[in-house]
Amino acid sequence: MKKILIILCIGFLATTLQAQDGQARIQFKNEVVDYGEIAKGSDGVRKFEFTNTGNAPLIISKVYSSCGCTIPKKPEKPIPPGETGVIEVKYDTKRVGPIRKTITVYSNAEEATKAIKIKGTVLDKSVLEN
């Protein structure tokens with residue numbers, strides 16, 4: 001009976017160790033997107049490209065911005081190993097002034113929480129024309 005329990009424990013341990021080998025990893029092409037100087041009311045959509053450099057499917061569970069002026073959109077489907085994905089961010093360009101926002105990405109990746117940023121300046125159109 002002891003031998004059977006020992007064999008079961010060893011089998012369970014080996015299975016657990018193999019399951020831990022598969023790990024998703026998220027690598028962004030750029031962690032900061034610079035809008036530069038843009039006109040008030042212009043297109044505020046930008047994209048963060050990333051690759052799953054791990055060996056397990058990458059699942060992004062949530063993307064969060066601390067400001068209602070920035071709306072991130074995550075991929076709905078898992079990203080297979082070696083494949084790329086996009087997180088789309090829309091900034092409200094009706095707000096004149098500097099842009100400095102952080103978007104937090106939550107996933108099953110080795111680094112489960114990742115911060116990406118947008119920056120730039122929204123200018124009134126009259127300032128851009130001068």
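1. A disulfide is here a pair of cysteine sulfur atoms within 2.5 Å. The model is predicted, and by this rule the count comes to 1 disulfide.

2. Which cysteines form the disulfide? They are Cys67 and Cys69, with their sulfur atoms 2.3 Å apart. That distance meets the cut-off, because a pair has to lie within 2.5 Å. The link of Cys67 and Cys69 is right-handed, with 130 degrees about the S-S bond.

3. Is Cys67 buried or exposed? Cys67 has a relative accessible area of 18% and is buried, because the term applies under 20%. For Cys69 the relative accessible area is 4%, and this residue is buried as well.

4. Turning to the rings, the structure holds 3 aromatic pairs. One of the pairs is formed by Phe28 and Phe48, at 6.4 Å centre to centre and with 90 degrees between the planes. This geometry counts as edge-to-face, because the angle is over 60 degrees.

5. The pair of Phe28 and Phe48 links distant parts of the chain, 20 residues apart. Phe28 belongs to strand β1 (residues 26-28) and Phe48 to strand β3 (residues 45-52). Both Phe28 and Phe48 are buried. Ring pairs join Phe28, Phe48 and Phe50 in a cluster.

6. Over which rings does the charged end of Lys62 sit? One is the ring of Tyr64, with the charged end 5.5 Å from its centre. Another is the ring of Tyr106, where the distance to the centre is 5.0 Å.

Note on methods
Residues are numbered from 1 along each chain as its sequence is written. This is a predicted model: local features need pLDDT of at least 70, side-chain atom pairs count only at pLDDT 80 or more; totals for chains, interfaces and linings use all residues. Side-chain values use heavy atoms; hydrogens and water are left out. Buried means under 20% relative accessible area, exposed over 50%, partly exposed in between (1.4 Å probe, protein chains only). Rings of Phe, Tyr and Trp (its six-membered ring) pair if their centres lie within 6.5 Å; planes under 30 degrees apart count as stacked, over 60 as edge-to-face and the rest as tilted. Helices (H or I, at least four residues) and strands (E, at least two) are DSSP runs, numbered from the N terminus. A charge sits over a ring if NZ of Lys or CZ of Arg is within 6 Å of the ring centre and within 35 degrees of the ring normal.
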